[in-house]
Amino acid sequence: MTGKKEYRSAVTLLGGGDFSSRDLRDAIDIAPVLVCADGAANDASEQGLEPDLIVGDLDSISTEVRERFPEKLVRIDDQDTTDFDKCLSHVAAPLIVCIGFTGFRLDHELAALASLAKYTTHPALLITRYEICFRVPQTLKMPIPEKTTVSVFPFSSVSARSKGLKWPLDGLELHPSGIIGTSNLTTGPRLEIRVDQGNLLIMLPRSELQKVAQALRA
C-alpha cells in the first residue's frame, strides 16, 4: 500500500510501549479507528482488536498477525525514522490520539516527543499514565480550572504569548538549552496560548483529556 491514508474520524495510534486498558479505552472513546505501529499489532490482536492499518518496517510483527491482516500491512523501509514517525507521516485525520509510546525506555520517549514537536500536518495528542502532551498549534484556546499545572517545553527557539497563566510566556525567548517553561499554573477559567515562532510542546494533567481533544479538533 502506498500513499497517505486519510480518515474522516479521529484515529487511535497504538505503539509498542507501555499502555494500560484504561489508556486504550480512553483513546478509543475519542478516536475509534485503530492504527498500529509495527509490533503493537501483536498487542491489539491479543486484546481482540482489529487494526485498520499496521505501519512500520514490520520487523516486530508475529507470523500470526502477518497472516491474519496481510492487506493492512504498510511497510516503510526507512532506518532514519521511527515507527511513530512513519505512522504520523502515513495517516491523515482530524485528530490522532497516541498511546504506547512511553514507559519503557527514555530514548524512545524522547524520540516520541521529538516526533510530536516536528509533526505539523494534523493535531496529535500523546497520552501517558498521568499526563497528556501535544504540540501547541498556532493558537490554543480551552477552558481549564484555576491552579492546573501546565508545563511547556520548546523543541526549537520559541516565542509565544499567553493568557491564563500565572507566569505569562510573553516576551520570553524559549529554547531547549535556555529558558523552558515547566511547572506553571493556570489562573482560570480559560487558557490561551499563541505561538509566533517555533515548536512548542505542552503537558497537562490527564484530567484535561476530553477538553484538549475538543480544542485540538476545533
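# Cysteines, sheets and aromatic pairs

The sulfur of Cys36 lies 8.4 Å from that of Cys87, the closest cysteine sulfur, which is too far for a bond. The structure is a predicted model, in which local features need pLDDT of at least 70 and side-chain atom pairs count only at pLDDT 80 or more, while totals for chains, interfaces and linings use all residues. Residues are numbered from 1 along each chain as its sequence is written, and side-chain values use heavy atoms, with hydrogens and water left out. Helices (H or I, at least four residues) and strands (E, at least two) are DSSP runs numbered from the N terminus.

**Cysteines**

- A disulfide is a covalent bond between the sulfur atoms of two cysteines.
- With a disulfide taken as a pair of cysteine sulfur atoms within 2.5 Å, the count is 0 disulfides.
- Cys87 is in no disulfide, its nearest cysteine sulfur being that of Cys36 at 8.4 Å.
- Cys36 belongs to strand β3 (residues 33–37).
- Cys36 counts as buried because its relative accessibility is 0%; buried means under 20% relative accessible area, exposed over 50%, and partly exposed in between (1.4 Å probe, protein chains only).
- Cys87 is also buried, at 1% relative accessibility.
- Beyond neighbours within four places in sequence, Cys36 is in contact (heavy atoms within 4.5 Å) with Leu14, Ala41, Ala44, Pro51, Leu53, Ile54, Val55 and Cys87.
- The C-alpha atoms of Cys36 and Gly15 are 6.3 Å apart in space, although 21 residues separate the two in sequence.

**The sheet of 10 strands**

- Strands of a sheet pair through backbone hydrogen bonds, either parallel or antiparallel; here two strands pair if DSSP finds at least two bridges between them.
- An open sheet with mixed pairing has 10 strands in the order β5-β4-β3-β2-β7-β8-β9-β15-β11-β13.
- Its edges are β5 (73–75) and β13 (184–185); each has a single partner strand, so one side of each has no neighbour in the sheet.
- Strand β8 (residues 124–127) pairs with strand β9 (residues 131–135) in the antiparallel sense over 3 bridges, and the bridge partner of Ile127 in β9 is Ile132.
- Helix α5 (residues 106–118) packs on this sheet, where it touches β8, β9 and β15 (200–205), and its direction makes about 45 degrees with that of β9.
- For such angles, axes are lines fitted to C-alpha atoms, for helices over the stretch in contact, and the angles run from 0 to 180 degrees between N-to-C directions.

**Ser151 in β11**

- Ser151 is found in strand β11 (residues 149–154) and is buried, with a relative accessible area of 11%.
- A polar atom of the Ser151 side chain lies 2.8 Å from the backbone nitrogen of Ser183.
- Leaving aside neighbours within four places in sequence, Ser151 is in contact with Gly181, Thr182, Ser183, Leu201, Ile202 and Met203.

**The sheet of 3 strands**

- An open sheet of 3 strands, paired antiparallel, has the order β10-β14-β12.
- β10 (139–143) and β12 (159–163) stand at its edges with a single partner strand each, so one side of each is left without a neighbour in the sheet.
- On average, neighbouring strands of this sheet are turned by 10 degrees against each other, direction ignored.
- β10 and β14 run antiparallel and are joined by 5 bridges, with Thr139 opposite Arg194 in β14.
- β12 pairs with strand β14 (residues 190–197) in the antiparallel sense over 5 bridges; Ser159 has Gln197 in β14 as its bridge partner.
- In a regular strand the side chains alternate between the two faces of the sheet.

**Aromatic pairs**

- Rings of Phe, Tyr and Trp (its six-membered ring) pair if their centres lie within 6.5 Å; planes under 30 degrees apart count as stacked, over 60 as edge-to-face and the rest as tilted.
- By this rule there are 2 aromatic pairs.
- Phe84 and Phe101 are stacked, at 4.1 Å centre to centre and 25 degrees between the planes.
- This pair links distant parts of the chain, 17 residues apart: Phe84 is in helix α4 (residues 83–90) and Phe101 in the loop between β7 (96–99) and α5.
- Both Phe84 and Phe101 are buried.
- Phe153 and Phe155 form an edge-to-face pair because their ring centres are 5.7 Å apart and their planes stand at 65 degrees.
- Phe153 is partly exposed at 26% relative accessibility, and Phe155 is partly exposed with a relative accessible area of 29%.

Terms used. A polar contact is a pair of N or O atoms within 3.5 Å; within protein, one must be able to donate a hydrogen and the other to accept it, and residues adjacent in sequence count only if both atoms are side-chain atoms.
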